[in-house]
Amino acid sequence: IRDDKIMVVDEFTGRVMPDRSWGQGLHQMIEFKEGLALSEPRATLKSISYQRFFKHYLRLAGMTGTAAEIRAELGRVYDLPVVRIPTHRPSRRRHAPDRVYRSLDQKWAAVSARSQALHAQGVPVLIGTRSVAASEEIAAVLARAGLPAVVLNAKQDADEADRVAQAGQLGSIMIATNMAGRGTDIPLSAQAREAGGLHVILTERHESARIDRQLEGRSGRQGDPGHAEAILSLEDAVLDSVRDSPWAIPMQALLALELPGWNRLAAAWLRHAQARTEHKLARERRQMVAADEELENSLSFSGQGD
């Protein structure tokens, strides 16, 4: 809520989307729930998918550090090849094995303990969360541990660039909702570089592994030292996608036991859930593109444009 108005937050970037609203009366229902003045419902006059919109450009190109895994989709939808460009300097980022816990409380306790240990060494820490609620929850856990953390989410995005730029200082701790698209570099101070560089902690797998990679990529930039690790739990939302899987019941039975290699098995189950979600979303995008092409053909046949 900002200026007595409901603001929609983008799930993937954690940014507020001004002048966006939900349809079919949902926006007004939330306004009523929050005791705000009801806005006028908006009617959609025309709609177009992102894919079809971008295909209208005469020139289409882009640059990202995470295009390799979607090269097939970019080729199929936009007829664009993906060219891999070597990094300016060799990467020195190190990745720790995933750590998985049974409950959210255990996960937050582990994140707090890890942050405390790194903070004592002067290592700057960036903790990535998937939602505003999660960022506030871990902020409260760190506050109880006496750790000075800066929170960056949709509620505190006014001086976003300045806050992000300060994340590379000695002993700093920043908690941020999805860092994708922040667009601000995190320069390391000389002392932070000597302490080991920025340490990124992922607290949840996202619907797309590309977002995880974007967050991890905030460390170890331009040849700087850096570390990335994931501290997860079996109560994370990404596992919702495998609740109906034929493997769900036997996997839950296995994970209920204290078996050798339990952490590796749990981490693989979380990655499987993420991959299944990615395939589902990719299939939905393919269906949307097919529907777009069918609509375009029918409009051309009838003599109408977009």
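**Exercise 1. Which residues are buried in α1?**

Note the ground rules. This is a predicted model, where local features need pLDDT of at least 70, side-chain atom pairs count only at pLDDT 80 or more, and totals for chains, interfaces and linings use all residues. Residues are numbered from 1 along each chain as its sequence is written, and side-chain values use heavy atoms, with hydrogens and water left out.

Step 1. Locate the helix. α1 covers residues 26-33; helices are DSSP runs (H or I, at least four residues), as are strands (E, at least two), numbered from the N terminus.

Step 2. Apply the cut-off. Buried means under 20% relative accessible area and exposed over 50%, with partly exposed in between (1.4 Å probe, protein chains only). H27, Q28 and E31 of α1 are buried. Their arc around the axis is only 95 degrees, so they sit on the same side of α1. That arc is taken from the directions from the helix axis to the C-beta atoms.

Step 3. Check the other side. There, M29, F32 and K33 are exposed.

Step 4. Find the cover. β1 (8-9) is included in what covers the buried residues of α1.

**Exercise 2. State what follows α1.**

Solution. G35 follows α1, and its phi is positive, near 70 degrees.

Conventions: Contact = heavy atoms within 4.5 Å.
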